[in-house]
Structure formats: C-alpha cells, structure tokens
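Morning, everyone. Please have a look at the sequence and the model on the screen, and then I'll walk you through some features.

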Amino acid sequence: MEEKKLLELAKKEGFAAALLPTDQIPVDYRFRAYCEENRCGRYGANYSCPPDCGTPEEMHRRILSEPWALVLASRWDIDGYEDHDGIRRAKEGHNAAARRLLKAMEHLGCTGFVVGCSGCQLCSPCKLVSGEPCPFPDQRISCMSAYCVDVSALSKKCGLEFAWTDRQLYLYGMIAFQPV
C-alpha cells in the first residue's frame, strides 16, 4: 500500500485524510443513542441506519473486517445551522466524493467500503419505507454514528481538524479497506 498515493487521491476529492489501522478506530457503543434520538429522521426509515443497519457490535466487527481506514475530513461553507439545504448538499457532496475515492482505490486493487457523514441518500425515500428491498446494498453508506465511531477522538488521533462553527460545517467519514 502506498500511503502517499492514497492521500493524494483523497486530496483530489477535497479531503484532508489520514491512514489508521482499523483496530485503532475509537468506538463507543453509547453513541448509538444519538441515532435513537432520530434528529435526522432516518432511524427505522433507512436501511443504512439503525436499527436496520446492524447492532453496534455488528457494525464494529464490520470496521474490523478490513485492516486499514482512510479517515476523511471535509469542510463546507454554510449559512448557519438552520441552512438545512446547504447542510444536506454538503453531506451529499462528502459522501459522493467518498464513493468516487473508493472507486479510484479499487482501480489500484484495494477493496473496502465507505463509512459516511450521514445515512445513505441514494433513494429518496429509502425503499425500506415502502417495504421494498434495497436496490443498492453494495453502495449503501451508514454514518459514523451508526458505527458508533467517536469522531472527536478519531480526528485528534489522526491530526485532522475538528471544529464547530456557525459558518463552516466539518464532516467526517472513512473508507475501511484491504490494501493491494
């Protein structure tokens, strides 16, 4: 695995990034409570979100099924936390860039999956709502909260900026992968 090449690919997609073995990803199962609060409205309404994505233990095992994580951070200008359209566009942009990055990594021979900054947005509404099967199970992205990742601790561990401001949105995700 060529770390420099992976970091360059991430930068091309607009990410600050760092490599970390997956067994060093800080996970706290208590973070599942944030999903259960259902502030995003996807709890029980999206295949990529709890409870349908899996238990905290299952999600943690999924991360550990790959040896490495390319941790991703992106920063987006917004008009404040009431700018719901801007925040939605930022999350969609972050996840779309992560999907493109995974494709580029696959061209290098890596295999893996994306952990996003929000639940899957490929179908709106999610087919779960109508009782249909997911048409894109291999492309489905669950968020860092669904995986119970402590994003603050992860960003510190990786040396990535972690901030809350009223005009900039910092988003985080990762690609758990098997190198060439």
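Two notes to begin with. This is a predicted model, so to speak of local features we need pLDDT of at least 70, side-chain atom pairs count only at pLDDT 80 or more, and totals for chains, interfaces and linings use all residues. Residues are numbered from 1 along each chain as its sequence is written, and side-chain values use heavy atoms, with hydrogens and water left out.

Start with helix 3, residues 56-64. Helices here are DSSP runs of H or I, at least four residues, and strands are runs of E, at least two, numbered from the N terminus. Which residues of helix 3 are buried? Pro 56, Met 59, His 60 and Ile 63. Buried means under 20% relative accessible area, exposed means over 50%, and partly exposed is in between, with a 1.4 Å probe and protein chains only. These four cover an arc of only 100° around the axis, so they sit on the same side of helix 3. That arc is taken from the directions from the helix axis to the C-beta atoms.

What do the buried residues of helix 3 pack against? Helix 2 (32-36), strand 3 (111-116), strand 4 (142-143) and strand 5 (168-178). Contact means heavy atoms within 4.5 Å.

Now those strands. Strand 3 and strand 5 pair in the antiparallel sense, over five bridges. Pairing requires that DSSP finds at least two bridges between two strands. Phe 113 has Ala 176 in strand 5 as its bridge partner. Strand 3 and strand 4 run parallel, joined by two bridges. There, Gly 116 is partnered by Cys 143 in strand 4.

On to charges. How many salt bridges does a search of the whole structure find? Seven. The rule is a side-chain nitrogen of Lys or Arg within 4 Å of a carboxyl oxygen of Asp or Glu.

Take Arg 75 and Glu 161, at 3.9 Å, N to O. This pair links distant parts of the chain, 86 residues apart. Arg 75 is in strand 2 (residues 68-77), and Glu 161 is in the loop between helix 5 (151-158) and strand 5. Glu 161 is partly exposed, at 46% relative accessible area.

Next, helix 4, residues 84-107. Arg 88 and Asp 85 form a salt bridge at 3.8 Å, N to O. They are three residues apart, so about one helical turn separates them. Arg 88 is partly exposed at 37%, and Asp 85 is partly exposed at 46%.

Lys 103 and Glu 106 make another salt bridge, at 3.9 Å, N to O. Both lie in helix 4, three residues apart, about one turn. Lys 103 is exposed at 51%, while Glu 106 is partly exposed at 35%. Salt bridges that share partners also join Asp 85, Arg 88 and Glu 92 into one network.

Last, the spaces. The largest pocket has a volume of about 1200 Å³. A pocket is an open set of points on a 1 Å grid over the protein atoms alone, with protein on both sides within 12 Å along at least five of seven lines; a cavity is a set where a 1.4 Å probe fits but cannot get out; lining residues have an atom within 4 Å of a point. Points are joined across faces, edges and corners, and a volume is the space filled by probe spheres set on them.

The largest pocket is lined by 35 residues, with Cys 40, Lys 91, Cys 117, Ser 145 and Trp 164 nearest its centre. Helix 2, helix 4, helix 5 and strand 5 each supply at least two lining residues.

There is one cavity of 30 Å³ or more. The largest cavity has a volume of about 90 Å³. Its lining includes Asn 46, Tyr 47, Cys 120 and Arg 140.
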